[in-house]
Amino acid sequence: AVGNDPNSTAFDSHANSIWVGNLLDGTITQINDTTLATSTSGVTSVVYQMVFDPHTNSIWGSNYWGNFVARIDDTTLATSTFTVGSHPEDITFDPHTNTIWTASYSNTVTRIDDTTLATSTIVIGGNPYGIAFDPHTNSIWVSNYGAGTLTKIDDTTFATSTVTVGGHPQHIVFDSHTNSIWVPNYSSSTVTRIDDTTFATSSYAVSN
């Protein structure tokens with residue numbers, strides 16, 4: 001069994017387990033993928049999204065109402081929390097710099113070094129929502145739900161570029177076959193593809 005209102009998952013290749021964020025309980029459950037044995041850790045706030053960090057063998061979860069990111073050791077289940085912007089949503093791991101990035105609806109993106117735990121904040125505006133790492137350009141892409149744009153952030157210099165997409169873009173993904181970013185636009189009933197270097201865009205209509 002897991003907790004109340006399971007909402008997000010992440011695969012942990014170190015412990016061969018699945019982690020489940022329990023939205024209403026403020027807990028995270030670890031499930032062994034062979035024995036199905038479970039362990040639950042309390043993080044005291046709504047767990048919105050999670051990501052596995054193979055550099056430190058830990059799970060990181062964004063906590064929407066708590067305004068923090070929780071880190072859980074995948075063996076000891078020891079938990080630490082780090083304050084970020086208001087209402088953190090999507091979260092991603094950047095293997096180029098061994099950092100965790102989370103988008104907060106309060107117009108900021110926070111970067112956390114997974115070893116030193118030093119944090120940096122980038123203001124981008126537009127209610128950041130989705131976030132993804134792009135290994136082709138070593139950058140972070142963020143969808144700005146309130147602005148109808150995507151922002152590309154260099155993961156070292158923090159230089160930014162902005163691309164217009166459709167209305168209310170949400171979760172995003174990197175496509176390694178075409179080196180492009182894909183994002184669904186909620187209120188436009190479209191999906192936009194962005195070339196990660198030229199920023200050329202193509203939009204495709206979908207059913208609503």
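This note goes through the overall build of the chain and then one group of neighbouring strands.

1. Basis of the note. The structure is a predicted model, in which local features need pLDDT of at least 70 and side-chain atom pairs count only at pLDDT 80 or more, while totals for chains, interfaces and linings use all residues. Residues are numbered from 1 along each chain as its sequence is written, and side-chain values use heavy atoms, with hydrogens and water left out.

2. Overall build. The chain has zero helices and 20 strands, where helices (H or I, at least four residues) and strands (E, at least two) are DSSP runs numbered from the N terminus. Its radius of gyration is 17 Å, close to the 17 Å that the globule rule gives for 208 residues, so the chain is as compact as a globular protein of that length; the radius is taken over C-alpha atoms, and the rule is 2.2 Å times the number of residues to the power 0.38. Along its principal axes, the C-alpha trace spans about 45 × 40 × 30 Å.

3. Burial and charge. Of the 208 residues, 49% count as buried, which is to say under 20% relative accessible area with a 1.4 Å probe and protein chains only. The chain carries 4 positive and 18 negative charges, whose mean positions are 9 Å apart; Lys and Arg count as positive and Asp and Glu as negative, with His and the chain ends not counted, and each charge is placed at NZ of Lys, CZ of Arg, CG of Asp or CD of Glu.

4. Strand β10. This strand covers residues 99-104, and six of its six residues are buried. T99, W101 and A103 point one way, whereas I100, T102 and S104 point the other way, and all are buried. In a regular strand, the side chains alternate between the two faces of the sheet.

5. The β9 side. Strand β9 (residues 88-94) runs antiparallel to β10 and is joined to it by five bridges, where pairing requires that DSSP finds at least two bridges between the strands. D94 stands opposite T99, and I91 stands opposite T102. The two strands form a hairpin with four residues between them, and N98 in the turn has a positive phi of about 50°. Seven of the seven residues of β9 are buried, so β9 is largely enclosed by the rest of the structure.

6. The β11 side. Strand β11 (residues 108-113) pairs with β10 in the antiparallel sense over six bridges, and T110 in β11 is the bridge partner of T102. The hairpin of β10 and β11 has three residues between the strands, with N107 taking a positive phi near 75°.

Notes: Buried means under 20% relative accessible area, exposed over 50%, partly exposed in between (1.4 Å probe, protein chains only).
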